[in-house]
Amino acid sequence: MAGESKDCYDKDDMDVDEKDKMPPKSGVMDIDGGHLHGERSDSKLVKNIGKVVRDLRGLGFTSMAEDAYASAIFLLLKAKVHDLAGDDFRTSVLESIKGWIQAVPLQFLHALLSYLGDSFNYDSPSSGLKSPLASRPPSYPGIDAPSEALVRWKLRLEYFAYETLQDLRIAKLFEIIVDYPESTPAIEDLKQCLEYTGQHSKLVESFISALRYRLLTAGASTNDILHQYVSTIKALRTIDTAGVFLEAVGEPIREYLRGRKDTIKCIVTMLTDGTGGNSNGTGNAGDSLLEELNREEENQENSALEDGFNTDDKQAWITAASWEPDPVEADPLKGSRNHRKVDILGMIVGIIGSKDQLVNEYRVMLAEKLLNKSDYDIESEIRTLELLKIHFGESSMQKCEIMLNDLIDSKRTNSNIKATIGQASQTSTVSEDSGISLDILDATIISSNFWPPIQEEALNLPGPVDQLLSDYSRRYTEIRTPRKLLWKKNLGTVKLELQFEDREVQFMVAPVHAAIIMQFQDQTSWTSKKLAAVIGLPVDVVNRKINFWISKGIIAETMDPESDDHMFTLVENTSDVNKNSGDGGSCEELLAGDEEGEGPVASVEDQLRKEMTIYEKFIMGMLTNFGSMALDRIHNTLKMFCVADPTYDKSLQQLQSFLSGLVSEEKLEVRDGMYSLKK
Amino acid sequence: MWLLSGDAVVCLELACEDCISFLWHAVASWTWDAQDETCGICRMAFDGCCPDCKLPGDDCPLIWGSCNHAFHLHCILKWVNSQTSQAHCPMCRREWQFKE
């Protein structure tokens with residue numbers, strides 16, 4: 001600081017007129033303004049300022065003088081930081097700010113101080129008057145060693161710059177993290193700033209409030225929240241390796257996500273699918289989060305396990321050597337995790353609470369995916385499973401492994417069966433009655449005990465197909481005695497090619513759709529009742545399913561005036577229906593149940609509902625006795641009384657969702673959080 | 001009957017104007033053709049596997065005795081090997097003979 005020299009001035013210029021006080025002050029401001037534009041410390045200008053400062057000191061306005069030029073410099077610096085940093089997070093600005101501090105304000109101060117210093121001379125004995133706190137500046141003016149005052153100014157300016165930049169970045173942290181990893185330079189800057197200023201708590205507070213305001217709202221999709229969560233983890237990991245602030249920041253997000261129903265599903269999708277949503281493994285652009293995590297982990301491990309050390313010893317040594325005390329801000333209640341490696345997957349699993357739920361959801365999704373496959377290509381699924389096994393342990397992924405094994409097995413069996421046909425046809429026993437060969441039938445054969453519950457629907461397939469299926473299972477039994485096949489006729493996929501007079505259309509459809517459209521071969525119009533009888537499904541289901549063909553313009557719906565029934569007719573010519581004239585020849589894909597949003601596999605919620613129905617009687621009985629009860633009380637009563645066979649082990653949330661299901665079925669009423677029987 | 005481009009796509013109907021050819025990918029589950037659901041020794045499902053196995057099906061097959069009782073192969077082998085003299089069927093106490 002320049003303060004060290006001010007005491008020396010108290011004697012000089014004591015006789016300066018009072019009136020001089022005002023003009024010089026405004027002069028300082030003026031000159032600073034000019035300085036801002038010129039960015040060149042003119043020696044005359046410095047001299048003027050120096051004179052004014054000295055005069056002011058002489059008047060006893062030492063602190064005012066210093067305040068004036070200090071605040072001017074800080075204002076300038078602040079403007080500069082804002083100007084340099086701006087909204088661009090892709091470049092690091094810290095160095096250029098430091099360079100600017102060196103180049104502009106320090107130059108000015110250097111000139112100013114040396115001007116002021118000239119008049120009193122470092123080596124004069126009067127330096128004894130200096131403040132005792134300020135040590136004697138280096139007294140070799142010939143050498144360009146920075147004076148102590150200058151060094152202090154430098155530190156002060158840099159601290160101010162760090163703080164300004166930090167505030168700026170913290171205010172925009174949300175955007176910065178949205179941009180991650182492009183915004184890495186900004187985060188590095190922030191990290192350095194925080195190292196100097198230590199205002200981490202500011203970051204936590206402001207970021208949490210930004211999160212609450214901008215992310216954790218009903219309008220944000222769960223996917224976005226999760227992505228932001230992951231980016232937050234990654235970004236904050238660079239700022240704070242111990243993960244202390246991350247814990248504080250992550251808590252509100254986790255809390256919020258727990259309240260969302262589709263969180264688990266989104267997490268699983270994010271883990272397994274590429275970010276681009278193309279699960280077919282085409283292109284590496286959309287790598288799954290899991291693979292990304294794994295790559296990171298491998299890198300870490302590779303660097304850790306280079307030489308032939310015993311891994312455990314080595315690991316222990318590394319953790320011991322890299323131990324750092326928790327930052328002061330760490331919550332002592334949470335306990336010091338000495339191995340607080342920030343594990344993204346762990347933090348994501350932490351949202352849900354247990355990995356079992358995650359694994360279960362994955363299994364359901366995997367089942368759905370596998371059942372909808374029309375080939376046996378499961379490479380990407382195998383890879384995902386291997387990765388999941390690393391993180392969740394082999395035993396919890398056991399069932400999933402069996403599912404994948406089933407597909408591999410099916411592929412083998414399928415080709416074996418096809419091979420027997422080859423032999424059979426050589427010995428001239430072509431599949432007896434139907435004229436079509438088994439070539440057009442593939443089958444996925446599953447070990448149903450290990451798959452999630454599968455929804456079965458009775459369905460009458462067209463005769464030839466049925467014939468094929470029984471043929472197939474006969475051959476299967478021949479190869480694999482004493483095992484037999486049970487067909488799940490509503491599952492699978494059918495690749496259809498419809499040929500009309502004027503067009504050919506290809507579809508990927510569910511068996512129901514195929515069964516429906518194939519009925520129209522023999523008879524081009526059906527009433528819905530008759531069609532339902534032939535297909536073996538309820539009328540309303542048929543009406544719903546046939547909508548698919550109506551929407552494709554293959555079938556037209558009319559009302560039959562006689563029987564007051566829906567009448568479906570095959571559309572022979574595209575000219576009849578104009579709306580989808582562009583469809584000809586294109587291959588349209590629509591997999592089982594897509595349009596109704598119901599998959600072949602019972603969802604986790606359905607499973608839960610099934611499990612909960614056991615308790616429905618208990619709940620009904622309870623409410624008959626007590627009139628109305630709060631959720632907590634129902635939960636506790638169930639816990640108390642349903643101790644054996646089956647034990648009540650559901651969470652409060654699960655109970656709540658079950659009860660709200662009962663409410664929507666109009667079995668219960670809920671008023672002010674109290675459940676009662678519907679009268 | 002139509003055969004399209006040497007592929008396995010076959011037309012169902014003969015001499016039709018509107019013609020549907022298809023490739024059917026069906027789903028089935030396999031099950032052991034045994035009378036019982038669970039193995040009498042380990043009480044695990046036949047369609048599952050014995051406690052020592054991980055993969056069901058070929059890796060953990062069933063075996064029938066001459067008394068027509070079925071068990072997981074691994075389970076009954078363990079049982080037979082643990083008997084000092086002649087082994088008996090755990091279900092009906094008849095002499096255990098593997099069914100031919």
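Guide: Helices here are DSSP runs of H or I with at least four residues, strands are runs of E with at least two, and both are numbered from the N terminus. The model is predicted, so local features need pLDDT of at least 70 and side-chain atom pairs pLDDT 80 or more, while totals for chains, interfaces and linings use all residues. Residues are numbered from 1 along each chain as written, chains are lettered from A in written order, and side-chain values use heavy atoms without hydrogens or water.

Visitor: Okay, how many helices and strands in chain A?

Guide: Chain A has 26 helices and 10 strands, and 46% of its 679 residues are buried (under 20% relative accessible area, 1.4 Å probe, protein chains only).

Visitor: What's the volume of the largest pocket?

Guide: About 1300 Å³, as the space filled by probe spheres set on the points, joined across faces, edges and corners; a pocket is an open set of points on a 1 Å grid over the protein atoms alone where a 1.4 Å probe fits, with protein on both sides within 12 Å along at least five of seven lines, and lining residues have an atom within 4 Å of a point. Its lining has 39 residues, and among those closest to the centre are A:Gln357 and A:Glu605.

Visitor: Which helix gives the most to that lining?

Guide: That is α24(A), with nine residues, and α24 spans 604–626.

How values were computed
Buried < 20%, exposed > 50% of the residue type's maximum accessible area, 1.4 Å probe, protein only.
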